[in-house]
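Here is a structure to read closely.

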Amino acid sequence: MPATHPTRLLIIGAGPAGYTAAIYAARAGLKPVLVAGMQPGGQLTITTDVENYPGFAHGIQGPELMDQMRAQAENVGTELKYDLVTKVDLSRRPFRAECDSGDVYLAEAVIIATGAQARWLGIPGEQELSGFGVSACATCDGFFFRGKNVAVIGGGNSAVEEALYLSNLAKHVTLVHRRDSLRAERILQQRLFAKENITVLWDMLTEEMLGSDAPRPVARALKLRHARTGEPRELPVDGIFVAIGHDPATRLFRDQLAMDDGGYLVVEPGGTRTNIPGVFAAGDVADRVYRQAVTAAGTGCMAALDAEKFLAEIEHAQEKAAA
């Protein structure tokens with residue numbers, strides 16, 4: 001039977017930001033409830049080797065890292081719910097969150113850590129080779145392609161920034177763009193064209209990602225087609241980076257919380273407070289720049305501390321009013 005659950009702190013989302021917020025909040029005695037959502041563990045559950053998260057000298061598998069975070073959050077007192085928040089009312093406290101199961105959570109404070117997802121092309125081979133030569137994060141995975149040939153797909157700021165980053169690691173970077181000009185800022189384009197180990201393929205449509213015939217296929221080439229002439233081409237590469245943008249998971253909060261033009265939640269500079277007192281945002285849902293597990297975890301910590309301070313101030317005001 002659906003039930004209503006009152007809680008001091010509700011955390012929505014179970015990635016590095018959500019789990020870290022839960023750990024800090026639980027240790028502060030807030031007894032947080034964390035609703036995990038559709039993908040507990042977030043994007044790291046579909047990541048293989050993670051070598052840039054501090055504390056793991058030999059790296060760690062993404063799912064294993066998230067499993068350890070989950071266990072730690074539960075061990076310190078987080079109540080974990082495998083459910084999906086489908087509707088929220090942030091117009092008054094206690095804030096109300098309705099879930100797919102029918103359960104309702106009434107919270108004095110809320111931390112939103114629903115993350116963001118990379119946009120994918122939706123072409124053959126893309127998902128099959130994801131994590132095996134295909135990535136959407138050069139900062140995360142570029143290290144694995146030192147001295148190799150890679151391709152970046154896209155034409156905006158994200159694509160050019162990824163290509164520039166990879167040019168310092170890879171032997172050669174090919175930027176594949178479907179138009180005859182880039183959308184990226186002029187200064188980024190100037191830096192791109194000045195790099196001797198970056199080539200731009202103009203007017204090229206990416207039709208398929210090809211893998212090797214090894215027991216576990218790994219990316220080996222891109223199947224391309226010229227947008228105007230229709231001429232096919234195969235581009236041999238060791239790695240493929242899709243850089244066509246990210247979509248923050250903020251639809252649930254539309255018309256309730258302030259967002260920027262990309263749909264990311266707006267928080268106060270240097271903090272996690274949103275435009276509604278008692279509602280905080282952490283991780284990729286409010287970060288369009290860094291999008292790293294370690295930065296998400298850091299803002300999760302910040303959100304928990306901000307929520308703890310908010311709740312303490314509310315309780316102090318109530319005690320003062322009752323005196």
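The questions below ask what stands behind each label.

Q: What kind of model is this, and how many helices and strands does the chain have?
A: The model is predicted. The chain has six helices and 19 strands.

Q: How do you know that the radius of gyration agrees with a compact globule?
A: For 323 residues, a compact globule would have a radius near 20 Å. The chain has 22 Å, which agrees. Its C-alpha atoms fill a box of roughly 80 × 40 × 35 Å along the principal axes.

Q: Why is Lys31 called exposed?
A: Exposed means over 50% relative accessible area. Lys31 has 67%, so Lys31 counts as exposed. Lys31 sits in the loop between helix H1 (16-27) and strand E2 (33-35).

Q: What makes the phi of Lys31 worth a remark?
A: Most residues other than glycine have a negative phi. Lys31 is not a glycine, yet its phi is positive, about 50 degrees. Arg291 also has a positive phi, near 50 degrees. Arg291 is in the loop between strand E19 (279-281) and helix H6 (293-322).

Q: What makes the bond between Arg93 and Pro94 stand out?
A: Most peptide bonds are trans. The bond joining Arg93 and Pro94 is cis, with omega about -5 degrees. Pro94 lies in the loop between strand E6 (85-89) and strand E7 (95-99).

Q: Why is the pair Asp203 and Arg228 called a salt bridge?
A: The cut-off is 4 Å between a side-chain nitrogen of Lys or Arg and a carboxyl oxygen of Asp or Glu. The closest N and O atoms of Asp203 and Arg228 are 3.1 Å apart, within that cut-off. Asp203 is in the loop between strands E13 (198-201) and E14 (204-211), and Arg228 in the loop between strands E15 (219-226) and E16 (232-236), so the pair ties together parts 25 residues apart in sequence.

Key
Residues numbered from 1 in each chain as written. Predicted model: local features only at pLDDT ≥ 70, side-chain atom pairs only at ≥ 80, totals over all residues. Heavy atoms only, no water. Helix = DSSP H or I, 4+ residues; strand = E, 2+ residues; numbered from the N terminus. Rg over C-alpha atoms; globule rule 2.2 N^0.38 Å. Buried < 20%, exposed > 50% of the residue type's maximum accessible area, 1.4 Å probe, protein only.
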